[in-house]
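Subject: A structure for you to look through

Hello,

Here is the structure I promised to pass on. Please open it beside this email and follow along.

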Amino acid sequence: MPRKKRAGQDQQPDHNDNKASGQEGSENQSPPQPRPFWSGVIAFGLVSLPVSLFPANRSAASSLKMVDRDGTPVSRRYFCEKEGKALTSDEIVRGYEIDQDHFIVVSDHELDALSPDKTREIDLRRFVPLDEINPVFFDRGYFLAPDTDATKAYRLLAKSMEDEQRAGIATFVMRGKEYIIAILAEKGILRAETLRFHDEIRSPRDVGLGQLQKPDSQLVGEWKKAIRSNSDQTLDRSLLVDRQTRRTLELARKKLKAGKDVVNVPEDTPAAEEEESNVIDLMQVLKERLQGKAPPASSNKAEANSEQLDSLSRDELYRLATEKDIPRRSKMNKQELISALGSR
């Protein structure tokens, strides 16, 4: 057994946070244009539909970062308990745990050899009824936007799937990993949901929900009346608000205004814009694509790319660096990989 080095999962990606500010952003400043997360084609029979993949969600509006009492940011490091020292990135390898304190070491090159072949194709294999897909399998959502010269085929596919109430089941490769996705159509827009694998889903019996006794029919009728009396025709979007984040931002703004607990804030730090000014207008991009318009060039292209890279784990960044054949990538930490990829 090779000498053990603590090998765990990569550090979870940090969310981009907005600094608290009492000033509002400029109303005339347009939101940054989103960049596609992945581009390729939907392959269905003899049809090839060029599309781009955009994340359907974005990072939280704020997050609390770890600093010391003087306001200096602190970072996480891997620490070897046996040798009593912090480890650099080139001293860390991944390991598959076979039992407590015993690992099978797996190198990045070995993992690369196991990766599926690179492809820019979404292989649409079959269609299934919508009600056959349990939402518990949904992992992460994306919007599929057509290239400007493929809007007709896009509209035909979306309309046909929506009329037939069918979802497409497809596979595609992104950053060295194969995903299974469900392609759904709603109001002329296609979106993709990456699906969890079957062995990742618990059954009702796994949590103690076996055969339950049939309830009393009279009591069921009373519950139905109560449900109908408190029902709405649509979901009130105002309920989907992160109140805890809003309270945290408001607390930070009050402290900033009062000059309380403010540490290590440079005088030339620009005031952060309001959350609304940072909202990426993804639906506008989809609308322009469906109308055959190319999205305008973004003045924040480099910044958006940096934010996108920062949301990835080191493992994902390394795979992307491998695709771009960046030298010495195996010895780079996460920030070095982001800098190297951002310059390409």
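Below is what I found in it, topic by topic.

This is a predicted model, in which local features need pLDDT of at least 70 and side-chain atom pairs count only at pLDDT 80 or more, while totals for chains, interfaces and linings use all residues. Residues are numbered from 1 along each chain as its sequence is written, and side-chain values use heavy atoms, with hydrogens and water left out.

**The overall picture**

The chain has eight helices and eleven strands; helices (H or I, at least four residues) and strands (E, at least two) are DSSP runs, numbered from the N terminus. Of its 344 residues, 26% count as buried. Here buried means under 20% relative accessible area, exposed means over 50%, and partly exposed is in between (1.4 Å probe, protein chains only). Among contacts with a separation of 6 or more, 69% come from residues 24 or more positions apart, a contact being heavy atoms within 4.5 Å.

**A hairpin to start with**

Find strand β5 (residues 94-99) and strand β6 (residues 102-106), which pair in the antiparallel sense over five bridges. Two strands pair if DSSP finds at least two bridges between them. Asp-99 has His-102 in β6 as its bridge partner. The hairpin has two residues between the strands, and Asp-101 is found in that loop. Its phi is near 70 degrees, a positive value in a residue other than glycine. Why point that out? Because most residues other than glycine have a negative phi. Asp-101 counts as partly exposed because its relative accessibility is 40%.

Arg-94, also in β5, is buried because its relative accessible area is 18%. A polar contact of 2.6 Å joins its side chain to that of Asp-108. (A polar contact is a pair of N or O atoms within 3.5 Å; within protein, one must be able to donate a hydrogen and the other to accept it, and residues adjacent in sequence count only if both atoms are side-chain atoms.)

**Aromatic rings**

How many aromatic pairs does a search of the whole structure find? It finds four. Rings of Phe, Tyr and Trp (its six-membered ring) pair if their centres lie within 6.5 Å; planes under 30 degrees apart count as stacked, over 60 as edge-to-face and the rest as tilted.

One of the pairs is Trp-38 with Phe-172: the centres are 5.0 Å apart and the planes at 75 degrees, so this pair is edge-to-face. Trp-38 is in strand β1 (residues 38-44) and Phe-172 in strand β9 (residues 166-174), 134 residues apart. Trp-38 is buried, at 5% relative accessible area, and Phe-172 is buried at 3%.

Phe-44 and Phe-127 are edge-to-face too, because their centres are 5.2 Å apart and their planes at 90 degrees. Phe-44 is partly exposed at 37% relative accessible area, and Phe-127 is partly exposed at 27%.

**A charge over a ring**

The charged end of Arg-175 sits over the ring of Phe-37, 4.7 Å from its centre. That label applies if NZ of Lys or CZ of Arg is within 6 Å of the ring centre and within 35 degrees of the ring normal. Arg-175 has a positive phi of about 50 degrees although it is not a glycine.

**The core**

The largest nonpolar core has 38 residues, and those with the most contacts inside it include Ile-42, Leu-144 and Phe-172. Such a core is a set of buried Ala, Val, Leu, Ile, Met, Phe, Trp, Tyr and Cys residues joined through side-chain atoms within 4.5 Å.

Enjoy exploring!
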